[in-house]
Amino acid sequence: MSAPSGPGTHIREVINGFEQRGHTVVKLIAGGTALDQTSASITFRKRSWKKMIPNFIWQTAKDYSLIRLDKKLEEQLSELIKAEKPDFIYERAYYLMGSGYRAAEVHSVKYACEINAPYPEEKSAMSGTSLFVQRSKKNETLQVQSSNRVFVVSTALKKYLEKSFGSVQSKIIVTPNAVNPKNIGLNAQTQKEIRTDTGIQSSDKVIGFVGSIFPYHGVDALIETFAQIRKERVDSIKLLIVGDGEILNALKQRVQELGIESDVIFTGNVLHSRVYDYIGIMDYTVMARSNWYGSPVKIFEYGIMKKCIIAPDVVPVTDVMKDQEDGLLISDDILSLKKALEYFLDHPTEAFRMAENFYEKVSKKHTWQQVSDSILEEMK
């Protein structure tokens, strides 16, 4: 199995699912030997004096390093194929990386790739373009065309690939992200300590967010909405924001400007072993925004913990959730978020009915073992 960059939750859990069914998985991870390591190419960072270099040149240099790494991976993968004679190769696709499909073609081995994003578009939007942008698009085309199966995380991404590459519909399988119920460990004492540390009382209603705090996750909108609701209500509500990110300090400043610092708790980074205990003390969980193609793991984690969920009305979410049945789906504006939060606060019975519904759906249809099993079935 080849995983060109930071493999992420999806690939780790898929591997685990294969192994749970008794299959032997031989791993090839770019840049290291552990699944939590990132590609060596990602360590290619700017020094302070290099900030004067135009971004186009800098991105071109980074992309060139990826191409060199990809060539080395192809050689390593070819040696593994000769030694192990695998039934198939399963690769997590990555921008500019094509070692998996090239090695599979040379050695006549079945090949499946997992595509979680429109990588050329995503790279240009988030980091900037380079001289290799056309090469990256050609690589994506060859990757899809060479695959026996392509596993994507949303129907939106499937439609994108079908539109881009023509008659590939039969080989593209939608496998949304999921959750491993065995990873959900709760500790009553830890939750008690969290309440003590944060000043959250058992009588407080807790609105929560867990994740990386970047502009596109909508935490700013959540804070603005909470400030409005807090001024209009007499019941005790708290906003618990778990995580760190590039706009954390700006959000803290905004909370002070709004005069709600006594009711908003920022935890910063927390130990992974304690994350679920933080979610455990939340009543209403919010994911205000998401992109058009990615399947948010967080909603499945919220779901398996029977939390009331507010999520964006985008295709990857509607693939798995129904508005007012499994949670409340909102448009990208503060008014929509405010109405959803107020509905949950005013209708707790309905809120927890939705939470129960989505819990049942997640536990029956959206576990990582089920994802792994569907991949194995397709690759028979």
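This is a predicted model: local features need pLDDT of at least 70, side-chain atom pairs count only at pLDDT 80 or more; totals for chains, interfaces and linings use all residues.

I started with Gly211, which counts as partly exposed because its relative accessibility is 23% (buried is under 20% relative accessible area, exposed over 50%, partly exposed in between, with a 1.4 Å probe and protein chains only). Gly211 sits in the loop between strand S7 (205-210) and helix H8 (219-232); helices (H or I, at least four residues) and strands (E, at least two) are DSSP runs numbered from the N terminus. Leaving aside neighbours within four places in sequence, I found Gly211 in contact with Val242, Gly243 and Asp244 (contact is heavy atoms within 4.5 Å). I also checked Met287: 76 residues from Gly211 in sequence, but 9.2 Å away C-alpha to C-alpha.

Numbering runs from 1 along each chain as its sequence is written, and side-chain values use heavy atoms, without hydrogens and water.

Next I went to Lys171, in the loop between helix H6 (155-165) and strand S6 (172-174). What does the Lys171 side chain have a polar atom close to in the backbone? I got the backbone oxygen of Ser147 at 2.8 Å and that of Gln145 at 3.1 Å. Leaving aside neighbours within four places in sequence, Lys171 is in contact with residues including Val144, Asn148 and Val150.

Last, I looked at the lining of the second largest pocket, where H2 gives the most, with 4 residues.

How values were computed: A polar contact is a pair of N or O atoms within 3.5 Å; within protein, one must be able to donate a hydrogen and the other to accept it, and residues adjacent in sequence count only if both atoms are side-chain atoms.
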